[in-house]
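Q: Please take a close look at one residue in this structure. Then set it in the wider picture of the chain.

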Amino acid sequence: MIDMEKKAQKSVISEGTVISGNIKTSDDIAVFGEVNGNIQCDKDIEINGHTNGDINAENLTIASGSIKGKIELKNKMDIQYADKIEGDIITKQIGIKSCASLIANIKTITE
């Protein structure tokens, strides 16, 4: 029997899936599809698809895809590759490896 209390949880929005509406989760989330709405996550978000809405999380990794909306992070943002990021960014740390288009106001916090 699996001990669900100890098992790490991750929500996945698979490629080809489109969600219209807000998402709120206490677990990690990976987006391979498309989310049209805000994402509020207590842990980490990985983007491999497209989001159109505000993002609030501990950490954000953009492996590929695009984001349009305000991004507020408690810790760090890691852009590995992105087609386009558009919106305000608030984070402690930001790392940018490759980004085709970055249209943003970036504010780093020292909290």
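A: Start with the contacts of Thr 51. Leaving out residues up to four places away in sequence, Thr 51 touches Val 31, Val 35, Ile 39, Ser 66, Ile 67 and Lys 68. This is a predicted model. Where does Thr 51 sit? Thr 51 is in strand 8, which covers residues 50-52. Thr 51 has a relative accessible area of 5%. Buried means under 20%, so Thr 51 counts as buried.

Now compare a residue in a loop. Lys 43 lies between strand 6 (39-41) and strand 7 (44-47). The relative accessible area of Lys 43 is 41%. Which residues does Lys 43 contact, beyond its neighbours within four places in sequence? They are Ser 26, Asp 27, Asp 28, Ala 57, Glu 58 and Asn 59. Take Asn 59 from that list. Asn 59 is 16 residues from Lys 43 along the chain, yet their C-alpha atoms are separated by 6.8 Å.

Next, the core. In soluble globular proteins, nonpolar side chains tend to be buried together. Here the largest nonpolar core has 21 residues. Those with the most contacts inside this core are Ile 29, Ile 45, Leu 60, Ile 62, Ile 71, Met 77 and Ile 85. Several strands each supply at least two residues of the core: strand 4 (28-31), strand 6, strand 7, strand 9 (55-62) and strand 11 (71-79).

Setting aside neighbours within four places in sequence, Ile 71 is in contact with Ile 55, Leu 60, Met 77, Ile 85, Asp 88, Ile 89 and Ile 90.

Step back to the whole chain. The protein chain has zero helices and 16 strands. Of its 111 residues, 32% count as buried. A compact globule with 111 residues would have a radius of gyration near 13 Å; the chain has 14 Å, which agrees. The C-alpha trace spans about 45 × 35 × 25 Å along its principal axes.

How far along the sequence do the contacts reach? Among contacts between residues at least 6 apart in sequence, 1% join residues at least 24 apart.

Finish with the surface and the charges. The chain exposes about 6500 Å², and carbon and sulfur atoms supply 44% of that area. The chain has 13 positive and 17 negative charges, and their mean positions are 3 Å apart.

Notes: Residues are numbered from 1 along each chain as its sequence is written. This is a predicted model: local features need pLDDT of at least 70, side-chain atom pairs count only at pLDDT 80 or more; totals for chains, interfaces and linings use all residues. Side-chain values use heavy atoms; hydrogens and water are left out. Helices (H or I, at least four residues) and strands (E, at least two) are DSSP runs, numbered from the N terminus. The radius of gyration is taken over C-alpha atoms; the globule rule is 2.2 Å times the number of residues to the power 0.38. Buried means under 20% relative accessible area, exposed over 50%, partly exposed in between (1.4 Å probe, protein chains only). Contact means heavy atoms within 4.5 Å. Accessible areas come from the Shrake-Rupley method with a 1.4 Å probe; for residues, only the protein chains shown count as cover. Lys and Arg count as positive and Asp and Glu as negative; His and the chain ends are not counted. The place of a charge is taken as NZ of Lys, CZ of Arg, CG of Asp or CD of Glu. A nonpolar core is a set of buried Ala, Val, Leu, Ile, Met, Phe, Trp, Tyr and Cys residues joined through side-chain atoms within 4.5 Å.
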